[in-house]
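The following note sets out points for a colleague who is examining the coordinates. Each point takes up one region or one kind of feature.

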Amino acid sequence: MKKWSLVLLFINGMGLPAWSQTSSYDTQLMKLSRALKGEPPSLEERQQLEQAKHEKNEETFLKQITQKYLQDPKFSSKLKFKVDELFYLIPQIEPLSMQYNTSDMSPSSYNFFIQNIIDNNLNWDTLLTGKSYKEYFSPNKNNVFFRALDKNFSSPTDIQILLQEDSKISEITFSENEQRVAGIITTPRFFHRYANTALNKNRRRAAAVFRIFLCDSMVATAPPANSETEKRDFDILLPSHRNTEESIRGSLAATIHGEQADCMKCHYKLDPLGKVFALSQTTLGGRPSPGALRYQGTQGRKVDIPLQGFGDMAEQITRQPEYAECQVNHFWRWYVGQDVPISQDMMEDLVRVFNQVGRRPKDFIAHLTTLPEFKQKPLLLSQAQIISRRVSNLFKSCDSCHDSQGATIRSLSKFPYGSSREEIVETLNKVKESLDLDHGGMKKTMPPKESKWQLSAQDYTLIRRWLEL
């Protein structure tokens, strides 16, 4: 295996592609339809474009069709999928069909929250700062997530009866100064996805907030002690002679965890934000918990802001310049392309537009579709680059699981992540061994047998081809 050549290929394959001239109007229509709805334009829309070209009115037509697409339920479903992916709540590999049937979606406050923002084009900050929820209540199922907060809001009002006769969806609205809620963060689905343990002490939840809203990704260095699967994964992914789970736990017992230099790089950020979740374990606490938003900002800024609770956390995060840039980056990656370069000057312009349109997603996406970077098309990728990109998408599923479960693993989808040659070779050998590539996965240890996501025979062939490049 030509490991060092593979590094260069991965950089070239996943790096910035060359860009060609502006595409034709037909290609622009195709890209608009696929980007916004996830499917090709209809025959009628193609005919309308031909008529617009005949009338020299192509640009106006494309603006009109963009607005039409933005109102289409398929756009809403596609953007909902992207947000779910951002929260690590669905598999990282995008399915062939992006069409969600909203009637099949579970009636959870998380789903209602996102759908309301998208459908009504609300300020994107509402993901964090929103105070209105819809939740599923059933006489046969005691919903306790919001129960401790029953002092500061009126009794829920039934607004819709579902197909089940004993089930209802109720609306809950909190006052604007309520410190115990923070939009989508204080929903059952977020709490259950990023569960708290005695070891992580809400750092997993704090890390998710940093990753999603400030684009600051961190990975845990010690797994939960009560999971045999995570213990096994941990031992496989780290050199057994240096960093087994036992050796790390031994070192943590000998020193105060969080005071070691390497630990402090993350702990000085995670610990104060994690305190905001301190009184909320599987359900929301009855009173707000103080904490702090602390991190090293851009251009040498040192951010250290005391927080009164969830509500204060949400407001302070949305005021940070890193938050605006992070959300712009999400939209850029989703609709322009993760491989398309974005300069600092362009970022500043986009943040300005993001603010000017009131941070409303549909308005900002409409602006992105007018940019030359959206209209241009990349040159065709080589076969090696295509293989490299597909393998990176596979590794995203690895990242999603390991990041959320707290096991130590560098982000494989961002390989080679600036490591030394020796570290890269060591990581590739571990990937090969844990997947048991030499025997087609017969004795694999990753993904675990109980995992819902498993590699197919084609996936094993793809990874072997990538390693042999």
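1. A disulfide is taken here as a pair of cysteine sulfur atoms within 2.5 Å. The model under review is predicted, and it holds 1 disulfide. The partners are Cys-215 and Cys-326, whose sulfur atoms lie 2.1 Å apart. The torsion about the S-S bond of Cys-215 and Cys-326 is about 80 degrees, and the disulfide is therefore right-handed. The pair links distant parts of the chain: Cys-215 belongs to the loop between α9 (203-214) and α10 (228-237), Cys-326 to helix α14 (residues 321-335), and 111 residues separate them.

2. Are the cysteines of this pair buried or exposed, or something in between? Cys-215 has 38% relative accessibility and counts as partly exposed, whereas Cys-326, at 1%, counts as buried. Buried means under 20% relative accessible area. Cys-266, with 22% relative accessibility, counts as partly exposed.

3. The backbone of Cys-215 also deserves attention. Most residues other than glycine have a negative phi. Cys-215 has a positive phi of about 55 degrees, although it is not a glycine. Asn-202, likewise not a glycine, has a positive phi of about 70 degrees. Asn-202 sits in the loop between α8 and α9, while Cys-215 is placed in the loop between α9 and α10. Asn-202 counts as buried, with 3% relative accessibility.

4. On the chain as a whole, there are 20 helices and 7 strands. Of its 469 residues, 49% count as buried. Among contacts in the chain with a separation of 6 or more, 68% come from residues 24 or more positions apart.

5. Which residues of helix α13 are buried? They are Phe-310, Gly-311, Asp-312, Met-313, Ala-314, Gln-316, Ile-317 and Thr-318. Because 8 of the 9 residues of α13 (residues 310-318) are buried, this helix is largely enclosed by the rest of the structure.

6. Thr-186 lies in the loop between β4 (168-173) and α8 (188-193). Its relative accessible area is 0%, and Thr-186 is thus buried. The side chain of Thr-186 makes a polar contact with the side chain of Tyr-133 at 2.7 Å. A polar atom of the Thr-186 side chain also lies 2.7 Å from the backbone nitrogen of Ala-182. Leaving aside residues up to four places away in sequence, Thr-186 touches Tyr-133, Phe-145, Phe-146, Arg-180, Val-181, Phe-191, Leu-284 and Phe-310.

7. Ser-33 is placed in helix α2 (residues 25-37) and, at 0% relative accessibility, counts as buried. A polar atom of the Ser-33 side chain lies 2.6 Å from the backbone oxygen of Glu-39. Not counting residues up to four places away in sequence, Ser-33 touches Gly-38, Glu-39, Pro-40, Pro-41 and Tyr-69.

8. Helix α2 also meets another helix. Two packed helices are described by the angle between their axes and the distance between the axes. Where do the axes of α2 and helix α5 (residues 73-86) stand on these two counts? The axes come within 7 Å and cross at roughly 60 degrees. That makes α2 oblique to α5. On the α2 side the contact involves Arg-34, Ala-35, Leu-36 and Lys-37, which meet Lys-74, Phe-75 and Lys-78 in α5. By class, this contact of α2 with α5 has 3 nonpolar, no polar and 4 charged residues.

9. Leu-455 is found in the loop between α19 (421-435) and α20 (457-468). With a relative accessible area of 13%, Leu-455 is buried. Which residues does Leu-455 touch, not counting residues up to four places away in sequence? They are Leu-394, Leu-435, Pro-447, Tyr-460 and Ile-463. Leu-455 and Leu-394 are 61 residues apart along the chain, and their C-alpha atoms are separated by 8.6 Å.

Terms used: Residues are numbered from 1 along each chain as its sequence is written. Side-chain values use heavy atoms; hydrogens and water are left out. Helices (H or I, at least four residues) and strands (E, at least two) are DSSP runs, numbered from the N terminus. Buried means under 20% relative accessible area, exposed over 50%, partly exposed in between (1.4 Å probe, protein chains only). Contact means heavy atoms within 4.5 Å. A polar contact is a pair of N or O atoms within 3.5 Å; within protein, one must be able to donate a hydrogen and the other to accept it, and residues adjacent in sequence count only if both atoms are side-chain atoms. Axes are lines fitted to C-alpha atoms, for helices over the stretch in contact, and angles run from 0 to 180 degrees between N-to-C directions. Angles under 35 degrees count as roughly parallel, over 145 as roughly antiparallel, 65 to 115 as roughly perpendicular and the rest as oblique. Ala, Val, Leu, Ile, Met, Phe, Trp, Tyr, Cys and Pro count as nonpolar, Asp, Glu, Lys and Arg as charged, and the others, Gly among them, as polar.
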